[in-house]
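Please examine the chain displayed here.

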Amino acid sequence: QVQLVESGGGLVQAGGSLRLSCAASGRKFSDKAMGWFRQAPGKEREFVAAISWSGGSTSYADSVKGRFTASRDNAKNTVYLQMNSLKPEDTAVYYCASSYVGWVVRHIGEYDTWGHGTQVTVSS
């Protein structure tokens with residue numbers, strides 16, 4: 001079982017940047033697709049970004065496309081989410097997740113292991 005720990009969240013002004021990290025431990029991280037999701041207060045958890053096992057394919061929600069970039073370093077068992085041009089509506093708890101498949105998937109049901117999340121707050 002893969003265990004995931006997110007870090008890098010915090011408070012930033014609109015227009016600023018943050019880089020989230022997700023460190024994985026446990027078996028076979030490198031053959032799993034990884035995803036980033038977020039959940040704002042009173043809202044459902046939503047898809048943000050996904051990256052295939054090799055890092056060769058990515059997918060993004062329309063709301064973050066062009067501003068967020070997912071990447072991974074399988075040698076370090078770490079996945080990243082670079083977030084630029086942040087907006088107040090990006091405020092949420094951000095979760096990384098590991099899929100049980102290796103290709104890019106966007107649906108929350110395709111992910112079977114979750115981190116505890118890291119808070120991102122963007123002030124206006």
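**A strand and its partners**

Strand β9 and strand β10 (residues 111-114) run antiparallel and are joined by 3 bridges; strands are DSSP runs of E with at least two residues, numbered from the N terminus, and two strands pair if DSSP finds at least two bridges between them. Within this pairing, Ser-98 has Thr-113 of β10 as its bridge partner. The model is predicted, so to speak of local features requires pLDDT of at least 70, and side-chain atom pairs count only at pLDDT 80 or more, while totals for chains, interfaces and linings use all residues. Residues are numbered from 1 along each chain as its sequence is written, and side-chain values use heavy atoms, with hydrogens and water left out.

Strand β4 (residues 34-39) is also antiparallel to β9, with 6 bridges between them; here Arg-38 is partnered by Tyr-94. Strand β11 (residues 118-123) pairs with β9 in the antiparallel sense over 3 bridges, and Ala-92 stands opposite Val-120 of β11. Of the 8 residues in β9, 7 are buried, that is, under 20% relative accessible area with a 1.4 Å probe, protein chains only.

A disulfide (cysteine sulfur atoms within 2.5 Å) joins Cys-22 to Cys-96, with an S to S distance of 1.9 Å. Cys-22 belongs to strand β3 (residues 18-25) and Cys-96 to β9 (residues 92-99), so that the link spans distant parts of the chain, 74 residues apart. The torsion about the S-S bond of Cys-22 and Cys-96 is about 50 degrees, and the disulfide is therefore right-handed. Both Cys-22 and Cys-96 are buried.

Note on methods: Helix = DSSP H or I, 4+ residues; strand = E, 2+ residues; numbered from the N terminus. Buried < 20%, exposed > 50% of the residue type's maximum accessible area, 1.4 Å probe, protein only.
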